[in-house]
Amino acid sequence: MVKNIPVSKVLSLSDGVFSIAITLLVLDLIHVGSEITSARDFNEALASKWPVFAAFTLGFLVIASIWYDYHALGQYFAETNEIWVWEQIFTFFTVTLIPFGVSILGQGVNTPNMNWAVFYFGVILFARSPVTLLAIYLTRLKYGGLRMTPDFPVNVRAFENFSMVGLGITTVYGGLVVSLSLINAWLALILYSIYVLVRMAPISNWNNTLKFIEKRG
Amino acid sequence: MNNRLKDISHKLIDSLSDGIFAIALTLLGLEVVSLVPEISRSEDVLHSLQEHLPVFSSFLLGFVVLFSWWYSYHATSQYVLNTTVVVVWSHGFTLMWVTLMPFAIAMLAQTVDTPNLKWGVFFFSICLHGQYWTNLIVGGLGMIFKVDGLPRFAEDFPLDKEQVQKWIFLSTIVFSVGGILVTTLSLFYPLVSLGLCGLLILSTFNPNQGFGRILSRSKKANSNG
């Protein structure tokens, strides 16, 4: 039998993907920079481009939060399998799409296409949840569950159950908010931002979840 | 069983930051590369090169800034053993300023010798000092929410926790206030402001020396106290 690839290989790839995606966010700003400097009224041109700067900040927070959350749990994975590897690759796929999402958001705000810009950004933001949910379910079906390191602080089975519930809620929330973007793009954008802000401290979020799991036995 | 997820390893931030620094440094070259068709087609290549001197000097400035930051970052981070949410987000926002540096450099290069120079210097100064402001905000939020902000340091780290806290607090306040003054000054005297930015960059050239000064002052303060 060919052995599974080590977890460290996937983590190394993730470092490259996250670094490149996070740095590519600036390309839009560089492009806008040359437009601003060649404009007749510098300040007016700058003010008119505020969505590009806001989208950059949001995109940065999104990628940094995903990276933090990814490693908060990633440090406990002991073994890979093809389902887990492809779930990770899908995560990288969504991360590499974020600069695109940020770009259409930056250019779409305050235009008649704003609804679609917010819609596609939302699709990229929430696409990971249903796929991860499916991956955990399939891993349990085929391999009996996730393989975690011995120092993982909670029963793996209970963790899987709560993760699937949490991912299910996120998927429904994401579906509703992304659909809302077609009716009220600003409200959807605020709800996206709340989602991103809530996920900025994954270790304490997970610790609260672990306490809850422990209470439930 | 300790029912808590452990904080992520500091090595993960190191790997991410190495990637971001490497790409940001390389992106600085975009502005220079974009000049090639224009320069190569001009009748007088040397004159054309001279015309675009601001682009080349801005590239050099950006390269020195990013490389100094990378050096300073690793000079201290080699002693850090773990992370906290404050450490992760302080580093995260510092990396945001790293990714913004190619934008600031492009703005600077395109506004030199134009009436908009003050805005080019203004944005460059924001990106140069931004990390101190975001560190102050993240640290302040950490204090408000009573989160333990300081990580654990290696045994060979020459300062104790209280001294580290004191120096981080002092340097963040001084550079934040200095940054606000220099950035505001750029709107009135852009060249003076740019000169002051240059002094800040020069002061971070050799982080080991700066760190050594902090150490000797701390020892002096301890022996006096």
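How do the axes of H5(B) and helix H6 (residues 117-144) of chain B cross, and within what distance do they come? I looked this up before anything else. The two axes cross at roughly 175° and come within 8 Å. I take axes as lines fitted to C-alpha atoms, for helices over the stretch in contact, with angles from 0 to 180 degrees between N-to-C directions. H5(B) and H6(B) are therefore roughly antiparallel. For that wording, over 145 degrees is roughly antiparallel, under 35 roughly parallel, 65 to 115 roughly perpendicular, and the rest oblique. By class, the residues of this contact are 16 nonpolar, 10 polar and no charged. Nonpolar covers Ala, Val, Leu, Ile, Met, Phe, Trp, Tyr, Cys and Pro; charged covers Asp, Glu, Lys and Arg; the others, Gly among them, are polar.

**Ground rules**

I am reading a predicted model, where local features need pLDDT of at least 70 and side-chain atom pairs count only at pLDDT 80 or more, while totals for chains, interfaces and linings use all residues. Residues are numbered from 1 along each chain as its sequence is written, and chains are lettered from A and ligands numbered from 1 in the order in which they are written.

**Chain A overall**

I find 10 helices and zero strands in chain A. Both kinds of element are DSSP runs numbered from the N terminus: helices are H or I, at least four residues, and strands are E, at least two. The C-alpha trace of chain A spans about 65 × 35 × 25 Å along its principal axes. Of its 217 residues, 36% count as buried. Buried means 20 or more other C-beta atoms within 10 Å of the residue's own, exposed means 12 or fewer, and partly exposed lies in between; C-beta atoms are placed from the backbone. I also checked contacts in chain A between residues at least 6 apart in sequence: 78% join residues at least 24 apart. A contact needs C-beta atoms, placed from the backbone, within 7 Å.

**A helix pair in chain A**

I turned to helix H6 (residues 114-126) and helix H9 (residues 185-198) of chain A. They pack at about 25°, with axes 9 Å apart. H6(A) and H9(A) are therefore roughly parallel. Met114(A), Asn115(A), Val118(A), Gly122(A) and Leu125(A) of H6(A) meet Ala185(A), Ala188(A), Leu189(A) and Tyr192(A) of H9(A). That contact has seven nonpolar, two polar and no charged residues.

**Where the chains touch**

Chain B gives 33 residues to the contact and chain A gives 33. On the side of chain B, helix H1 (10-33) and H5 are the elements that give two or more residues. H5(B) gives the most, with 14 residues. This side has 21 nonpolar, 10 polar and two charged residues.

Leaving aside neighbours within four places in sequence, Met101(B) contacts Ala24(B), Gly62(B), Val65(B), Leu66(B) and Cys127(B).

**Two loops with positive phi**

Asn110(A) is not a glycine, yet its phi is near 65°. I find Asn110(A) in the loop between helix H5 (82-108) and H6 of chain A. In chain B, Asp113(B) has a positive phi of about 65° and is not a glycine either. Asp113(B) sits in the loop between H5 and H6 of chain B.

Are these residues buried or exposed? Asn110(A) is exposed, with 11 other C-beta atoms within 10 Å. Asp113(B) counts as exposed because 10 C-beta neighbours lie inside 10 Å.

Technical notes: Contact = placed C-beta atoms within 7 Å.
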